[in-house]
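Please open the model in your viewer and keep the sequence beside it. The tour goes from one selection to the next and says what is there each time.

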Amino acid sequence: MENTQLQLIIWSLPILFMLHDLEEIIIVKPWQIKYRTKLSHAKLKPFNHFKLPESGAVAILIEFIILTIVALLASLYQTYLLWFAVDFVFIFHFFGHYVLSLVFKGYVPGLYTAIILLPLCLINIISFSSLLTPSWVKVIAICLITLLIFVLFFKALTKSITIFDKLLQYYSQKE
């Protein structure tokens, strides 16, 4: 694979992530308002952790920084295993939107980009698979470990949104 093509694939990860999360940032609040009655009766309340859109944006910024660091490491050191695992987690995340949509029986924020971006991320994974030198057992193990780390990280980040809310509210107080 040509270096320019490789760099494009590497740096597409944080770009595609931001496209997906921008859909969430922009749509969550209007979506919550539109479906407030349905959400109030739902057992599963998607995006309930988004109290202030700004707090969700802070969490997304933290995720974006991590993805950018992963892309930078892959780009500078030609180490692709972590990048591959993170792209795998990103693809896995899309399936969460599909399941939420089925449970909610309708559109949930992030669904459209999850549908549109899935083929691109799969092409990236397929392109990168030829560059991986470890055994596939190791690759799968790293992907599963990375998935577990991201699930735990996401849970911690979701809980910290309350802290971001308080910090942003404190900041907005008059002098």
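Begin by selecting Y77, which is found in helix 3, where helices are DSSP runs of H or I with at least four residues, strands are runs of E with at least two, and both are numbered from the N terminus. Y77 counts as exposed because its relative accessible area is 56%, and exposed means over 50%, buried under 20% and partly exposed in between, with a 1.4 Å probe and protein chains only.

Before going on, note that this is a predicted model, in which local features need pLDDT of at least 70 and side-chain atom pairs count only at pLDDT 80 or more, while totals for chains, interfaces and linings use all residues. Residues are numbered from 1 along each chain as its sequence is written, and side-chain values use heavy atoms, with hydrogens and water left out.

Buried residues make up 39% of its 175 residues, and the C-alpha trace spans about 50 × 45 × 25 Å along its principal axes.

Then select E63, H93, G96, H97 and F154, which are the closest to the centre of the largest pocket among the 33 residues that line it. A pocket is an open set of points on a 1 Å grid, with protein on both sides within 12 Å along at least five of seven lines, and lining residues have an atom within 4 Å of a point. The volume of the largest pocket is about 910 Å³, and helix 1 (3-34), helix 3 (53-77), helix 4 (81-104) and helix 6 (136-171) each give two or more residues to its lining.

Which residues line the second largest pocket? Select Q5, L8, I9, W11, S12, I15, L16, L120, I123, N124 and S127 to see them. This pocket holds about 150 Å³ of space, and helix 1 supplies the largest share of its lining, seven residues.

Key. 1 Å grid on protein atoms, 1.4 Å probe; cavity = no way out; pocket = protein on both sides within 12 Å on 5 of 7 lines; lining within 4 Å. Points joined across faces, edges and corners; volume = space filled by probe spheres on them.
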